[in-house]
Amino acid sequence: MVEYDFKNDEIANICNSIIIYAASRRASDIHFDPCDKGLKVRLRIDGVLQDHTIVPLGYQKNLTTRLKLISNMNITESRLPQDGAIKDTINGIDLDMRVSSLNTNLGEKIVIRILDYSKSTEGLESLGFTPKNLEKIRRMISVPNGIILITGATGTGKSTTCYTILQYLNNEDTNIITVEDPIEMNIEGINQVQVNSEIGLTFGRVLRSILRQDPNIILIGEIRDTETAQIAVRASITGHLVFSTIHTNNSLSTIERLLDMEVERYLLSSALTGIVSQKLARRLCKNCRKTRPTTDYEKAVFKEILNMDVKTIVDVDPTKHCEECRNGYVGRIAIQEVLMINDEIREAINNNNLPREKLRELVYRGDVTTLLQDGLNKVLEGITTFEEIYKNVAIDTVLDEKYEMDIINEQPIETEEFIEQPNTITQDNINNINNNDIEVVDDTEVI
């Protein structure tokens, strides 16, 4: 916990210090939670919340007012939720933040999201796609029309992926128009529209106008309702390439969600080009890791999902601590699933009587690397841990029931007799892996 001198220092300086500290530690969010003692300040770093400081009761109101003031909120309104933004340079650091306030039973809760789109300027190669998935992405975005959806939960990097693709496609002979709420990153050469529902400027209304602006590529910030989904799909079959995000877990659930939104099957089957699903897992620190034997449960998962006999994996070494990481992790890596729609899947989407199980079989029967397969391959590469994949990606419940254990709480047993051996990999096993672009090597040599 960090202590601030609230008695002698100005509240504006303390506010700046908290924000600068969070930005310097790569925090994605700052939470100001009202509690009995005042305001508990917490930072979300690499997806995990951690306590930072306590703002005493006597200074709680002043700090909240200061945050609302610099984010252009109404400081006299404390009953209704508000949204604001901060764009400023503090102590030489350029910051772009989104601010949200919410009234709770103990007072106003403020959350600041620190936007960092540095990845989006580094190219498609920086997003963590495997070579096979990257090639599929390039093929999908090269088509002249259709709709490509980036899916995942809040905070899984969907906007970063969208902006990276837009910058890749941004050139002088292409008219790109976006409709967003809010506009999270200004991109030179792209026409960006901010939605304002208070004056009737909704996604649907903007999209209708955009179609008369001669666009080549359209980005819809998020598909939230039936109207937006239907207009987006119709725009994609009239000669436009449409990108959007939607809150679903994987390719199959995305197709089902769009059908639930009453998008006509014949339109969806014609328009849908591809789906990119992603989640984020914490990345292992290079200095604080070790090789350990796999548990029976882990062996069963690798055998079931990758058809591989895995004897050792890399994990956090609890005996090591360094200044670059927190609890053995530093930064995050994307776990991805890329589906490129083929004619067989199009026919299945258009078939109203097709069972869900058959659609699942068609979606995952081809060259699709599932989120779980991609995650487990990244475990074998030593990039992340099995625990992280278990927390972020659903694993077959049959295996969970069979072994009757909680993988997060299980501690692998190591003995002095344990001799580190390479994972058992045969050519037959390699041929059975959907994603054979990843080379599995001895864990001790992974960088």
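A word on ground rules before we start. This is a predicted model, where local features need pLDDT of at least 70, side-chain atom pairs count only at pLDDT 80 or more, and totals for chains, interfaces and linings use all residues. Residues are numbered from 1 along each chain as its sequence is written, and side-chain values use heavy atoms, with hydrogens and water left out.

Helices (H or I, at least four residues) and strands (E, at least two) are DSSP runs numbered from the N terminus, and two strands pair if DSSP finds at least two bridges between them. This sheet is open, its pairing is antiparallel, and its strand order reads 3-2-1-6-5-4. At the edges sit strand 3 (48-56) and strand 4 (82-90), each pairing on one side only. From one strand to the next, the twist averages 20°; axes here are lines fitted to C-alpha atoms, for helices over the stretch in contact, and angles run from 0 to 180 degrees between N-to-C directions. Strand 2 (residues 38-45) runs antiparallel to strand 3, and eight bridges join them. Within that pair, L39 faces V55 of strand 3.

What lies across this sheet? Helix 2 (residues 57-70) does, over strands 1 (27-35), 2, 3, 4 and 6 (107-114), at about 115° to strand 3. Helix 2 also meets helix 1 (residues 11-24): their axes come within 10 Å and cross at roughly 70°. That makes helix 1 roughly perpendicular to helix 2, a label for angles from 65 to 115 degrees. On the helix 1 side, the contact (heavy atoms within 4.5 Å) uses I11, A12 and C15, while helix 2 brings Y59, N62, L63, R66, L67 and I70.

Strand 8 (residues 176-180) pairs with strand 9 in the parallel sense, over four bridges, and E180 stands opposite Q194 in strand 9.

Which residues of helix 3 are buried? In helix 3 (residues 131-141) they are K132, N133, L134, K136, I137, M140 and I141, where buried means under 20% relative accessible area, exposed over 50% and partly exposed in between, with a 1.4 Å probe and protein chains only. Their cover includes strand 7, helix 4 (158-169), strand 11, strand 12 and strand 15.

One more helix pair: the axes of helix 9 (residues 296-306) and helix 12 (residues 371-380) come within 10 Å and cross at roughly 125°. V301, F302, I305 and L306 of helix 9 make the contact, together with L372, Q373, L376, N377, V379 and L380 of helix 12.

Last, the cysteines. C322 is partly exposed at 22% relative accessible area, whereas C162 counts as buried at 6%.

Note on methods:
Parallel < 35°, antiparallel > 145°, perpendicular 65-115°, else oblique.
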